Every structure is written in structure tokens, then in C-alpha cells.
Amino acid sequence: MCLSGIKTTCLLFIFLLFLSFDLLAQNATLSGKVVEATSASALAYATVRVFKTSDNQLVAGGLTTENGTFSIQVPYGQYKAEIEFLGFEPLRSNEFVLSKEQNKLDLGTLRMESKVVELDGAEVRAEKSTMVLSLDKKVFNVGKDLANAGGSATEILSNIPSVSVDAEGDIKLRGSDNVRILIDGKPSGLVSFKGSSGLQQLQANMIDRVEIITNPSARYEAEGAAGIINIILKKDQKQGFNGSFELVSGHPVNYGAATNLNYRHRKVNFFINYGLSWRETPGRGTLFQERRNGDSTFLLRQTTNNDFRGLNNSVRGGIDYFFSDKSILTASYLWRRSDAQRFSKLRYEDFFQNLNTPLGYTLREQDETEDEVNSEYQLLWKRKFKREGSELTAEAKYLNYWESSNQLFPQQTFRSDGTEVKSLATVQQSLNDEYERQYLLQVDYVHPVAKKGKVEAGLRSSFRDMVNDFLVSEQDDNGKFQPLPGLDNYFTYLENITGVYAIAANQHGRFSWQGGLRWEYTDVTTALETTNYRNPRNYANLFPSAHLTLELPNNHAIQASYSRRIRRPRYDDLTPFVTYTDERNYFSGNPDLQPEFSDVYEIGHIRTFDKGSFTSSIYYRNTTGRFERIRMLDERGFAQTFPQNLKSENAVGVEFTCGYSPTKWWKLDFNANFFRADIDGSNLSTNFQATAQSWFCRQTSKFALPKNLDIQLRGNYEAPQRIAQGIRKGIYFVDVSASKDIMDRRGTLTLSVLDAFNSRKWRSQINGAGFETEFFFQPRPRQVNLTFNYRIKQNKGAAKKMLEE
């Protein structure tokens, strides 16, 4: 898109936002802080609404920040405030007056009580909002989305606005796979070797919420141009014993059990989450390829059938020790093990000139056994000081991961008449051992200045040591396995990243600003020990960020933001060996891949109203060195696909997200994203240039019916999209779910049908020098899950007695 077009779009967008703003109103500032009553912990993203006392009309509203504070612009008048938060009793203030003489009012610290009430043994629970919107972050509460029951973290992300998941399990945010995935705000072994596809082994029951940050500040590491997805695991800090148990049964086979338990007594809080699952996932795919060599045309028709079976165990436990309400030390441990088997059958049919002239066919099988173990240790200390908002956080983390894979590939070749060519029969074996160790140290400090300003500073240092020991061999006439050329090596990856940052922020009436600068030094060395190949690289970069926010009358606010981001090649982007399942379609990394850099600009608008909220944004990303997987054929027609750096990509898009409750029994969420990307791969080939225009949308409706019955419908659509070498075709699917509270509302039964019409199928077309390839893949058919969840909560009397002790 040309520069003038971008400017015109931005001006039009801003003009439309301001049409409804009443800029002539005189306003006062209402502020305060919202905390949990028993622990005094800040409640982030609590809803604050201001009503006229005369007619109870809503005049202003907003959300609390991460440290629980809020500041809202309110016209002069007489009001009362109401604060609501997930699972807590609503809190209402006394009446107050705002005027020219009283144009600033601080409500102080507002303490909210947990909403857990026992009525004849039945627990009454507050209803959580599925989606909480703010200018700089969107928060999605997992438990209230019925489609998540019995699923995995990957399926949770596929249900979240702005996020999509492709056939390989890779996560995209606003159409870009340049996204950083964190767990509890930090990197995790779940997304190390396998990237985001490792999230398929984390059960949904262990997840509390997901945060989407599309343009992060300098506080966050600079990784991820499209933004950050932060998965928050469950942990409670309420006094007494709390918990839940869950059982899952599904088809195709999906059996699971999980528990989340918490016990707090005085200054000590214990928490533990455990998940066990056994899943069988059938998949299927086809490929059709036409390759031209002079006057000759060679055709390939390929079918693939997969059967994946996996047993996953995950446990996370820890202790919080409260030295005081201002000093907390947390020690936690996460352990995960996955034992998997993968069976695949491939059929290659070869033709000459047309499909009426078969040359023969080949049958190939894969029999794989794979074991994975991941351990994570964490020590976290938080210290709040006397001055409100002053806080020091220090954390140390250690990750340990290993994976062992043993694969066997028997293969037979047949003539067109069905007779076997015994001389071409082979048996191949792939042995692959991967290891990772990672050390992380991080310190952050926040200090308030003036009345509403603050400065932040922090240090983060991480060290990763990763190894891939791989060997592919073929059985000779004597029954012994001999290494295949180029497929026997020992790949090492050493990474050391150190970053420091500083942020300053302040608020002046309706206007607030934040500016930050982050410096990161990267030292990476990759090596192939067997062939004595080493590739050291180190670089230092500055990553500035800026956020400007203006609060406007009638519950409007706008924000402009900028940040510079980086995407470093991941382990699987660099390792030269990934899989040998399909010898005609070989996927690998590229040890010479360089990082990509992006400048990200965004203008956002939010409007809150009595029955919901609405956000809109326009964004622009200028990326150099973009990663793209390129497919190339050799003289036999065998393909190799590996990532390469393209010259650039310029992307502009518009996004709309809305949460709205037309009635008390109907709640709907809607998200739509429209984007255009100009891809320039002319540094590789003049053919690798494309303009991608696409869009996707997602709509969820939830109906609260009588007798504790809820029904949820979700529709998803992703339009076709051009890529550097071809096109990814459109995809649509529908999820249907229902839940009912039973056993005096302590238990819930949930039935979910994912991809109800069995339409979630990935299709694409790749064009290259002398060839065209069409793909079809369905990694999982329609999934039906039945989930039973049982909750344990202590009553208020027990909590009060415990506090009195």
C-alpha cells in the first residue's frame, strides 16, 4: 500500500472516531485503587462505572490497571460509583459531587470481598465475563468459554479473537506468525523445541486466562512483532481450602482428568494443578503436484493418513509465603511428560504427461515412538514499599527439557501393473535426541513520581543451551543400518540475551503518556559438530516504545502507540533436520537464517457502555528480513521446504472487537480483522512478490437459559490469503457447546462439538520454477467432548474464623 493511501486511511479512521466525541464538556478526575479484601492484592481490569444519582444514568467508566488503580474523566455533577470484578461482590460508593472547585477526587483503596456464598449447601458463584477489553490489552477468561472444556491450550487460543491456529499448530496474531508466547509472563519449555505446537500438551483446565498485547511497551522483551500472547495458569490465594476436579471423555478418543487445589492458612498458601490425558488424533491429507521438464510433464498424486496417540502428564505446584501484605515469596515447580506414538501411511502415485499414463506407485509407512520431559523451577519475590505504587520484583527460573524420538520407515515400490520392484524396497530409521537448558534472571522496579507518574527500570538475562543429535540410516543387504549422506550430525545452539529497560509515564488530566527504551544484546552460536560448521553471530539493538492516551467524554478513549520489535530465529527455524517422515516433502530449518525487525504503529479507540464495550484499531507493520518458508524441487521432483529471509513486508490492518449483552440472557462477542500485506522477496526471486489482502472474523453467542442451562455458538471464517509462493485458501468452522449446573451448582456438565460440520480443512497452492503443488490437510476431524467439573469452596463462616485466628 502506498504511503499516501496509509495516511488517508489513518486520517479517515481518526475522523470517524471523533465524530461522536463531545470535546466541549468540562470534566473532573475520579481515581482510586481496587484490591482483594483478604490479601490486599491489586485487582487488575476491574470494571469501574459512574452513574448519576438523579436518574441512575451511566456517564463514565473504565478498567483498573495492572496495579489496580483507575483514573476516569467525569463531567461535573453528583454521582455514585460501582466497581465489579470477576467472582467478587459488587462494591458501591457513597454519593459524591464533582465541580469546578472539586475537580479531583480520590476514592482511596477500595476492598472487594470474594463472592462465595453457601445457601443450604449450594454455592452461588459470580458470572465471569468471557472478554475484558482495554486499550493496551485484551483479557480472555478461559473458564466461561464453553468450547474450551476438555481441550488443550492450542484449542483455547483458536477460540480467542485476533488469534488463529494453522494446520501445523502454529499460532498467528492478526494474521502474523511473528508472535511471542509466554506462560505466566515468562518463556516456557512448552514452546521451545516445537514452537507453539507444544501447547497441544497443556490441558485447558490448568489455564485461568489469556492476555493479548498487540503493541507491548519496553517492559516486555522485544520478541514478537505482532505482539504477545500471555497464558496465565490457575492459582488461588483465598483463605482456606479451594479447588476443582474435572473429568473428560471425547470422540475421537479424548480421556482426561485434572485437578486444581489451593489451601491458604495465615501466611502460607499452597497450590497444585495436575492434568492427565490420553488423546488419539486421526488426520488426513492429499497433495497433487505437476512438474515440467522441457516437453515432459511429471505428475504426483499423494495421500497421507495419520494416527497420533499421546499420553500427557502435567503437574504444577508451589508455595506462597506472605512475610507481610507487602512482601511475598513464591517457589513453584512445573513437570510435564509426554509419551506419544505416531503411525502414518503414505501413498505416492506417479504419472507421465497425464493421469492416464501411470508409472507406478510407492507405499511408505511411519512408526514413531516419542518421549518428552520438561521441568521448570521458579523463585519469585515481590516487595511493595510504603509509598503506593512502589514495587520491586525479582525472579529466577530454570528450564530443563529433553525429547527422544525413534522412527522406522518401511517403503515398497510397485509398477503400474501392481507388481513389486523388490530392488527398490527400503527400510530407513531416524533417531533424534533433543535437549535444552535455560536459565533466566529478571529484576523489575517501579517507583511513583509526582501524583500520577511513575518510572520503571529492569534487567533481564537468559542463557539457552540446545542440542539436536540426529541420525537417519538405511538398512543394507546384510540387515545393518548405514547412515545416509548429510543426515548424520550433532547440531548445537547457544543463546545468551541480556536486556535492560527504562520507562517513564505520567498523566495530566485527560492525557497520559508513556515512553520507554529497551536495549538487548544477543549472542548466538550454531554449530554442526560432525561437519565442523560454526556460525557465531552477535548484535546489540535499541527498542523504543511510546504510548499516548487521551480520555474523552461519553466513555471514549483513544491511544496511539509505537514499538520496535525483533523476531529471532527459533531453534526449529535453524536446525537443519526436522523430520524425515515424507521423503518427497522434506522440511528443515536454515542455520544461516537472520533475525527480522519490525516497526509497529497502532491507533486504538475504546468505547465503554452499560451493556458492553467496543474497541477498534488501525495498525501498520514495516518488517525487514521477514521469514517465509520456501518450497523448492530437485531433479527428481522431491521437495525441500525451509525458511529464508525475504527483503521486506509492509502490512496495514483494521481490527474491531465488541462485547455486548443485548439482554440478561444473551451475550455476544464479535471480532473482525482486515489487513493488506505487500511481500517483497525479490532478493530470492522476482517471482516471490505478492500483495496479500485478507480478513477473518469470529462471532460467539452465549445464551443463559432457565434451569442453569447455557448454550454457546461460535462461527469462524478466514478468507483466502496470498503468500510469497502462492495462496492459502479460505477456511470456516462452527463450534456448538452447552453446559448445565448440577449437584446444587457445585458441578457442571459441558458438551462441546468442535468443528460441528467437519469443515476445518486447510487448502493451499504453491507455485515455483517449473512446478505447481496443491495441498489439502485436515489435522483433526470433528471433536465431541463431554466434561464434568466439580468445585470445592469453603464457606464464608470458615474463612472468617480462619482470619480471626
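# A guided tour of the predicted chain

Begin by selecting aspartate 755, which sits in the loop that links strand 43 (747-754) to strand 44 (762-768); helices (H or I, at least four residues) and strands (E, at least two) are DSSP runs, numbered from the N terminus. The model is predicted: local features need pLDDT of at least 70, side-chain atom pairs count only at pLDDT 80 or more, and totals for chains, interfaces and linings use all residues. Residues are numbered from 1 along each chain as its sequence is written, and side-chain values use heavy atoms, with hydrogens and water left out.

**The whole chain.** Zoom out to the 805 residues, of which 54% count as buried. The secondary structure comes to 4 helices and 46 strands. Among contacts between residues at least 6 apart in sequence, 67% join residues at least 24 apart.

Select residues 511-528 (strand 28) and 533-552 (strand 29), which pair in the antiparallel sense over 18 bridges; two strands pair if DSSP finds at least two bridges between them. Tyrosine 521 has alanine 540 of strand 29 as its bridge partner. These two strands form a hairpin with 4 residues between them, and asparagine 532 in the turn has a positive phi of about 55°.

**Strands 33, 36 and 37.** Move to strand 33 (residues 612-624), joined by 13 bridges to strand 36 (residues 648-663) in the antiparallel sense. Phenylalanine 614 stands opposite cysteine 658 in strand 36. Strand 36 also runs antiparallel to strand 37 (residues 666-680), with 14 bridges. The bridge partner of glycine 659 is aspartate 669 in strand 37, and the hairpin of strands 36 and 37 has 2 residues between them.

**The nonpolar cores.** A nonpolar core is a set of buried Ala, Val, Leu, Ile, Met, Phe, Trp, Tyr and Cys residues joined through side-chain atoms within 4.5 Å. In the largest, of 25 residues, Leu157, Ile207, Val210, Ile229 and Ile231 touch the most other members. Elements that each supply at least two residues of this core include helix 2 (153-158), strand 16 (207-213) and strand 17 (227-233). Apart from it lies another core, of 22 residues, among them Leu43, Ala60, Phe85 and Leu105.

**Confidence.** Finally, colour by pLDDT, the predictor's confidence in each residue, from 0 to 100. The chain mean is 84, and 88% of residues reach 70 or more. Residues 1-25 stay under 50, and the model has 28 contacts beyond four places in sequence for them. Residues 116-129 are also below 50, with 40 contacts beyond near neighbours in sequence.

Note on methods: Contact = heavy atoms within 4.5 Å. Buried < 20%, exposed > 50% of the residue type's maximum accessible area, 1.4 Å probe, protein only.
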